[in-house]
Amino acid sequence: MTDLINQSLNDESIRKAQFPVLEESSFLAHAGVAALPQAARSALIDYADYASRKGQEDEFIWKRIAEARARAASLIDAKPSEIALLGPTALGLNLVANGWPWEPDDEVVYYQDDYPANVYPWLALKERGVKPVPLAPERMGEITWKTVESVLTPATRMVALASCHYLTGYRIDIDDIGRRLHERNVLFCLDGIQTLGAFPTSVKHVDFLSADSHKWMLGPVGAGLFYVREALHEQLQPTLLGAWNVFSPEFVAQDRVAFYNGARRYEPGSLNIPGILAMDASLEMLQEAGIPFIAERIRALADTLSGALRERGFETPSCMTDAEDKHRSGIVSVSHPVRDLSGIYERLTDAGVRLSMRRARNETPFLRFSPHVYNTQSDLDRALVAIDSV
């Protein structure tokens, strides 16, 4: 595939052709649910056409699935055998929470103000005698090694974090936290949905990772990847069983449960083939441009927008006012001491600007912007002009 992203940035007609949502809006909501690019749309159409003529599964389709598995693995520096093609994010996190052989009084560390998908699976473990231990950072979303270390005890078995906080946009230092946890024989589970596709995310020091493709990977809802470190396959028991992950020769159920090798053991039944192929098409496009290039451009757009909003009296979360580059992301959330954000949100929506509105636990409202690599200054300007008109 040619580098469609760089072509798009150099030609507005190509940009709108490859990202059709731009014909109707300035789309700045990738931390929510992204609009599909033309690459993913074409993959869905092509599969539907193929499936209607030749059937939904055959040798060619399974070859494509194997390619998608390999591409997803390369995105996070994993082996294809460590990747289950499962979404949504919550599914993978629940497979970890429910499949790990916990002992009574084990502790799992989590952050109560993460996105709920990365909270409820750990809270539910109380019914199995596991103690969920919440983090209490000084500033919302700012999870550092110091924050994590402060709650570790000899009973800590796992730490479950998000690679990037969904509201503040604070990116954790995955490698540093993971390495230090492994030095203490503590497992590390990662919700990677807010960085995969936008920022380099490696599982070198991670044991489990789950991420749906519908945000920064620009894929469809319900298609994603679930990573389990190969050395842990025998310990993390699959809790969903079916004909695809349990050995069933000629589709005949056996007298005992024996799982297939690799991460396929976590895929119980039919895969979301159209979603996976569309996800793969988007990932191919993103990897062709290069994730480091994408990260640099996203951060530049976010910094520009953040600065312009602060000039207009908006306030970013306190943890982002002095954040180092490695902790900044594509998420720009802002509050305002006096202005009505609901009214501003409605004005932005009416002006064709797509964004999100979120609230913190203390009910503080935030406008959340999240530009991607294909956005340009013109998209940001459209938002700023709409704000200035309120």
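A charge sits over a ring if NZ of Lys or CZ of Arg is within 6 Å of the ring centre and within 35 degrees of the ring normal. Keep that rule at hand for a later stop.

What you have open is a predicted model, in which local features need pLDDT of at least 70 and side-chain atom pairs count only at pLDDT 80 or more, while totals for chains, interfaces and linings use all residues. Residues are numbered from 1 along each chain as its sequence is written, and side-chain values use heavy atoms, with hydrogens and water left out.

**The whole chain**

Start with a cartoon of the protein chain: there are 12 helices and 12 strands (DSSP runs numbered from the N terminus, with helices being H or I of at least four residues and strands E of at least two). Along its principal axes, the C-alpha trace spans about 70 × 55 × 30 Å. The radius of gyration is 21 Å, which agrees with the value near 21 Å for a compact globule of 390 residues (taken over C-alpha atoms; the globule rule is 2.2 Å times the number of residues to the power 0.38).

Now colour by accessibility: 55% of the 390 residues count as buried. Buried means under 20% relative accessible area, exposed over 50%, and partly exposed in between, using a 1.4 Å probe and protein chains only.

**A stacked pair**

Next, select F19 and Y374. Rings of Phe, Tyr and Trp (its six-membered ring) pair if their centres lie within 6.5 Å; planes under 30 degrees apart count as stacked, over 60 as edge-to-face and the rest as tilted. The count by this rule is 7 aromatic pairs. For F19 and Y374 the ring centres are 4.0 Å apart and the planes at 5 degrees, so this pair is stacked. F19 belongs to the loop between α2 (12–18) and β1 (26–27), and Y374 to the loop between β12 (365–369) and α12 (377–388), so the pair links parts of the chain 355 residues apart. Both residues are buried.

**An edge-to-face pair and an arginine**

Move on to F247 and Y260. Their ring centres lie 5.8 Å apart with planes at 70 degrees, so the pair is edge-to-face. F247 and Y260 are both in the loop between β8 (224–228) and α9 (273–289), 13 residues apart. Are they buried or partly exposed? F247 is partly exposed, at 41% relative accessible area, and Y260 also counts as partly exposed, at 23%.

The charged end of R264 sits over the ring of Y260, 3.8 Å from its centre. R264 also lies over the face of W244, at 3.6 Å from the ring centre.
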